[in-house]
Each structure stands twice: as C-alpha cells, then as structure tokens.
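My notebook is open, and I am going through this one a piece at a time. Come along if you like; here is what I had on screen.

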Amino acid sequence: MYLLLIDKLRDLINEKINSNEILAKVIIDKESPYLKSVVLNKGTKDKVNIGMAILDGVYLVGQIIEVNYTNSRALLLSDLNSKIPVLLEPI
C-alpha cells in the first residue's frame with residue numbers, strides 16, 4: 001500500500017529514479033583465503049558482476065572478485081592481495 005502511494009506520487013511529479021547502485025548487506029566470512037574480504041548478499045540475480053567497485057558512501061573500499069547467483073565476495077583495498085589499477089595524471 002505504501003509503495004503504491006509513493007509510485008503514484010512519483011508519476012504525478014514526473015520523478016524518475018535512474019540509479020545503477022546496488023545496495024547489499026555484508027555477511028561475515030571467516031573461512032576466506034583472503035585476509036580482508038567480505039561476502040555480500042547480492043549476486044548475479046541482482047546484476048552484480050566481477051570487477052564492480054564497492055563503495056562506502058563516496059569512498060572506494062574494494063572490488064567484487066567472485067559472484068554466484070545469490071551472493072558475491074568483495075576483496076577490500078586493505079587486503080595484501082588487492083591489486084586495483086590506478087592511473088595518475090597531472091592536474
């Protein structure tokens with residue numbers, strides 16, 4: 001009932017939600033081969049792909065390294081195995 005009302009209000013003012021963000025919960029994983037990784041409760045059914053960035057607000061904190069249908073694993077930047085490419089350019 002509540003969501004239906006919100007959708008009607010959005011239609012009334014022509015508001016469109018265009019976001020490619022996927023919100024996920026972190027699941028603790030102690031049997032990881034990585035020192036600092038987390039399992040997320042979103043997977044391919046939620047359009048999560050390997051290589052996607054993990055953000056905390058506006059900060060980059062990791063990258064998706066494994067994905068299955070219902071969940072995925074993110075390697076945090078603080079892990080020794082993290083190799084996220086960076087390009088530095090002059091200002």
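Which strand gives the largest share of the lining of the largest pocket? I looked it up, and β3 does, with three residues. Before going on, I noted that this is a predicted model, where local features need pLDDT of at least 70, side-chain atom pairs count only at pLDDT 80 or more, and totals for chains, interfaces and linings use all residues. I also noted that residues are numbered from 1 along each chain as its sequence is written, and that side-chain values use heavy atoms, with hydrogens and water left out.

**Entry: the pocket**

I put the space in the largest pocket at about 550 Å³. Among its 19 lining residues, I22, L23, A53, I54 and L55 are the closest to the centre. At least two lining residues come from each of β2 (37-40), β3, β4 and β5. I sorted the lining by class and got 14 nonpolar, three polar and two charged residues.

My reminders on terms follow. A pocket is an open set of points on a 1 Å grid over the protein atoms alone, where a 1.4 Å probe fits, with protein on both sides within 12 Å along at least five of seven lines; lining residues have an atom within 4 Å of a point. The volume is the space filled by probe spheres set on the points. Nonpolar covers Ala, Val, Leu, Ile, Met, Phe, Trp, Tyr, Cys and Pro, charged covers Asp, Glu, Lys and Arg, and the others, Gly among them, are polar.

**Entry: the sheet**

I count two strands as paired if DSSP finds at least two bridges between them.

Next I walked along the pairs. β2 and β5 are antiparallel over four bridges, and S37 has L75 in β5 as its bridge partner. Five bridges join β4 (residues 59-67) to β5, again antiparallel; there I found I64 opposite A74 and V67 opposite S72. A hairpin of four residues connects β4 to β5. Between β3 and β4 I found four antiparallel bridges, with L55 facing L60 in β4. Two residues lie between the strands of that hairpin, where G57 takes a positive phi near 70°.

Is S72 buried or exposed? I found S72 buried, at a relative accessible area of 2%, where buried means under 20%, exposed over 50% and partly exposed in between (1.4 Å probe, protein chains only). S72 sits in β5 (residues 72-76), a strand that is mostly covered, with four of its five residues buried. A polar atom of the S72 side chain lies 2.9 Å from the backbone oxygen of K42. Beyond its neighbours within four places in sequence, S72 is in contact (heavy atoms within 4.5 Å) with V38, V39, L40, K42, V48, I64, E66 and V67.

**Entry: two loop residues**

I then moved to T70, in the loop between β4 and β5. T70 is partly exposed, with a relative accessible area of 42%. Setting aside neighbours within four places in sequence, I see T70 in contact with L40, N41, K42, G43 and K45. T70 and T44 are 26 residues apart in sequence, yet 6.7 Å apart in space, C-alpha to C-alpha.

My last stop was K47, in the loop between β2 and β3. K47 counts as exposed, at 65% relative accessibility. Most residues other than glycine have a negative phi.

Technical notes. A polar contact is a pair of N or O atoms within 3.5 Å; within protein, one must be able to donate a hydrogen and the other to accept it, and residues adjacent in sequence count only if both atoms are side-chain atoms.
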